[in-house]
Amino acid sequence: MKKWVMRLGLLSIVISIGMYIWLGEEMKEGVQPAANGKAAYMIVLGAKVKPGGIPSLSLKNRLEEAVRYLKKYPHVQVIVSGGQGSDEDQTEASVMLEYLLNNGIEASRIIAEDRSTSTYENLLFSKELLPKETKHVTIVSNDFHLKRAKYLAETLDLEVDVVAAKTPKSVEAKLKLRERAALLKTYIIGY
């Protein structure tokens with residue numbers, strides 16, 4: 001009986017390590033295909049907003065990449081997507097909108113989606129704001145998050161390319177661990 005329990009325990013450990021590695025490799029694939037200005041619309045996915053409307057480092061990195069991209073491709077329209085969490089005093093979309101305006105992006109190019117509370121809702125509610133014929137979009141998020149975002153966008157019948165923002169080193173290990181669990185859940189449940 002003891003040998004059977006030990007073997008089962010060892011098998012569980014091997015499977016867990018294998019899944020951890022596999023999910024890490026899946027996440028690395030998220031940064032492709034890189035956006036090149038072909039999509040007319042870009043969606044910046046929301047992230048934590050600190051008190052006083054200060055973007056978290058993750059969100060700030062996303063916004064910096066969005067500004068760079070929007071300045072390079074002035075024909076691209078942008079949807080900033082993110083609602084208000086219970087620990088946030090403003091919607092993520094309102095903070096992103098203000099950031100883009102303060103960094104030279106014209107208000108006429110920005111659409112705010114401020115109801116979403118998850119990555120799936122970011123994409124679902126943003127899709128509702130797109131012209132009906134739009135199928136190809138660019139997604140901006142942190143590198144670790146893009147694989148799941150692309151997967152979810154594809155379940156909504158969107159074709160996606162990406163702009164990858166760096167993940168802050170101070171939270172990288174925690175976010176990548178959490179994202180592995182979220183990615184696995186998405187693969188199993190579908191959203």
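Strand β6 (residues 136-142) and strand β7 run parallel and are joined by 7 bridges. Helices (H or I, at least four residues) and strands (E, at least two) are DSSP runs, numbered from the N terminus. Two strands count as paired if DSSP finds at least two bridges between them. The model is predicted: local features need pLDDT of at least 70 and side-chain atom pairs pLDDT 80 or more, while totals for chains, interfaces and linings use all residues. Residues are numbered from 1 along each chain as its sequence is written, and side-chain values use heavy atoms, with hydrogens and water left out.

Together with helix α5 (residues 146-155), β6 and β7 make a right-handed β-α-β unit. A crossover is right-handed if, with the strands pointing away from the viewer, the path from the first strand over the helix to the second runs clockwise.

**The sheet**

Which strands make up the open sheet, and in what order? There are 5 strands, in the order β5-β4-β1-β6-β7, with parallel pairing. Strands β5 and β7 stand at the edges with a single partner strand each, so one side of each has no neighbour in the sheet. On average, neighbouring strands of this sheet are turned by 25 degrees against each other, direction ignored. The axes are lines fitted to C-alpha atoms, for helices over the stretch in contact, and angles run from 0 to 180 degrees between N-to-C directions.

| Strand pair | Bridges | Direction |
|---|---|---|
| β6 and β7 | 7 bridges | parallel |
| β1 and β4 | 5 bridges | parallel |
| β4 and β5 | 4 bridges | parallel |

Strand β4 is mostly covered, with 4 of its 5 residues buried. V80 in β4 stands opposite V44, and S81 stands opposite E113 in β5. Between β4 and β5 the chain crosses through α3, and this β-α-β crossover is right-handed. Helix α3 lies across β1, β4 and β5, and runs at about 145 degrees to β4. In a regular strand the side chains alternate between the two faces of the sheet.

**The nonpolar cores**

A nonpolar core is a set of buried Ala, Val, Leu, Ile, Met, Phe, Trp, Tyr and Cys residues joined through side-chain atoms within 4.5 Å. The largest one has 24 residues, and M42, V44, V78 and L100 touch the most other members. Two or more residues come from each of β1 (41-45), α2 (57-72), β4 (77-81) and α3 (92-102). Helix α2 gives the largest share, 6 residues.

Which residues does M42 touch, leaving aside its neighbours within four places in sequence? M42 is in contact (heavy atoms within 4.5 Å) with A66, Y69, L70, V76, Q77, V78, I79, T138 and V140. A second, separate core has 16 residues, including L146, L152, L158 and V160.

In helix α4 (residues 119-129), the buried residues are T119, N122, L123, F125 and S126. They pack against β1, β4, β5 (110-113), β6 and α5.

**Two exposed residues**

P74 lies in the loop between α2 and β4. P74 counts as exposed because its relative accessibility is 57%. P74 and A40 are 34 residues apart along the chain, and their C-alpha atoms are separated by 9.8 Å.

A173 is found in helix α6 (residues 172-189). With a relative accessibility of 64%, A173 also counts as exposed. A173 and E26 are 147 residues apart in sequence and 16 Å apart in space, C-alpha to C-alpha.

**The chain as a whole**

The chain has 6 helices and 7 strands. From the N terminus on, the elements run α-β-β-β-α-β-α-β-α-β-α-β-α. Of its 191 residues, 46% count as buried. Among contacts in the chain with a separation of 6 or more, 74% are between residues 24 or more positions apart. The C-alpha trace spans about 70 × 35 × 25 Å along its principal axes. The accessible surface comes to about 10,300 Å², and 59% of this belongs to carbon and sulfur atoms. Accessible areas come from the Shrake-Rupley method with a 1.4 Å probe; for residues, only the protein chains shown count as cover.

Terms used. Buried means under 20% relative accessible area, exposed over 50%, partly exposed in between (1.4 Å probe, protein chains only).
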